[in-house]
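Thanks for coming, everyone. I'll be quick. Please look at the screen.

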Amino acid sequence: MNKTWRTRKLKFDSSWQKAQSIGMGNYSAVTEFFLVGLSQYPEVQFFLFALCLIMYVIILLGNSLLLLISILDSRLHTPMYFFLGNLSLLDICYTSSSILPMLIIFKSGRKSISFMGCALQMVVSLGLGSTECVLLAVMAYDRYVAICNPLRYPIIMNRVLYVHMATWSWIIGCLNSLVQTVLTMVLPFCGNNVIDHLTCEILALLKLICSDISMNVLIMTVASIVLLVIPLLLIFTSYVFILSPIMRINSVEGRKKVFSTCSAHLTVVILFYGSALFMYMKPKSKDTKASDEIIGLSYGVVTPMLNPIIYSLRNKEVKEAVKKVMSRHLHL
């Protein structure tokens, strides 16, 4: 009996050690990832590097200028420009977290990124993208109140409310990103460390995992509905209610000003949500396609680049504020 017990114990101990070693191997085997997105098109990599570099410089200059004038010009200390300043800050941080490492990879030719670096890139870019989803819906609500309840607008959209709305946009986006990133990075990759994407994008990483990802897919689906579909419905509902008061404005100049502001916001919404919905809500194929990577670039570079251009070109107040700031610096 004693001998039998010892034999069973030894077998159990050896099985437990083997399971631990396998588990640790799966966890520690991947210490870095290789980003090989669009590697099948080496002839376009220099073109992509030059294009992304130009776009990144435009993003930094345009959004920094928009953020600066929204702080310096007292006429722009309103809820709308406060949200617009947050949007500019989001775009600067988002592109710096994803596009800047991509430019370094293009230039150096070293396509590897550490495990922790990949996790950090994913949590930052996903968090900022999620925040922008909520922020665009908040901006639509701001326009709804401004146009449909102009007399009560200063009371409804007081400083406490719009600061809280912006803060909660950041909190919701960061929480979503943190949960999805942690749930992804704790799963075993079993030695698979080649990411068929230009950045550490969560969809590309999930394809490398060698265990059940049904919980990840469920959480991502719920997050996509909450952060993409619902905000988009709220935005279009807001504009349905906005349309009637706009038609009743007698002044051609007043109607033109309202149309200018609303069309700028709608343009940004269509660009951002269009690419995001294509990325996260379309039926998933087994492999990442080149179209996904191009849409990813649009989602990560084109939209942040166009945001300041759209808002400045279509907004008289922004143009005047830019002229004022520029003339002040020229006189100095």
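A definition before anything else: a crossing is left-handed if the near helix is turned anticlockwise from the far one by less than a right angle, and right-handed if clockwise. This is a predicted model, where local features need pLDDT of at least 70, side-chain atom pairs count only at pLDDT 80 or more, and totals for chains, interfaces and linings use all residues. Residues are numbered from 1 along each chain as its sequence is written, and side-chain values use heavy atoms, with hydrogens and water left out.

Now the helix pairs. Two packed helices are described by the angle between their axes and the distance between the axes. Helices here are DSSP runs of H or I, at least four residues, and strands are E runs of at least two, numbered from the N terminus. Axes are lines fitted to C-alpha atoms, for helices over the stretch in contact, and angles run from 0 to 180 degrees between N-to-C directions. Under 35 degrees counts as roughly parallel, over 145 as roughly antiparallel, 65 to 115 as roughly perpendicular, and the rest as oblique.

Start with helix 6, residues 159-185. It packs on helix 8 at about 165°, axes 10 Å apart. So helix 6 is roughly antiparallel to helix 8. Their crossing is left-handed.

Next, helix 4, residues 115-148. Its axis comes within 9 Å of that of helix 8, crossing at roughly 15°. That makes helix 4 roughly parallel to helix 8. This crossing is left-handed too.

Then helix 2, residues 45-72, and helix 3, residues 79-108. Their axes come within 9 Å and cross at roughly 155°. The two are therefore roughly antiparallel. Again, left-handed.

Back to helix 8, residues 214-247, which holds Met215.

Last, the record. An unreviewed UniProt entry places "transmembrane region" features at several stretches, including 112-139 and 217-242. In the model, residues 217-242 are 100% helix and 0% strand, with end C-alpha atoms 36 Å apart. Residues 112-139 are 89% helix and 11% strand, with end C-alpha atoms 38 Å apart.

Conventions:
UniProt positions are given in the numbering used here, feature names are shortened, and annotations may be inferred rather than shown by experiment.
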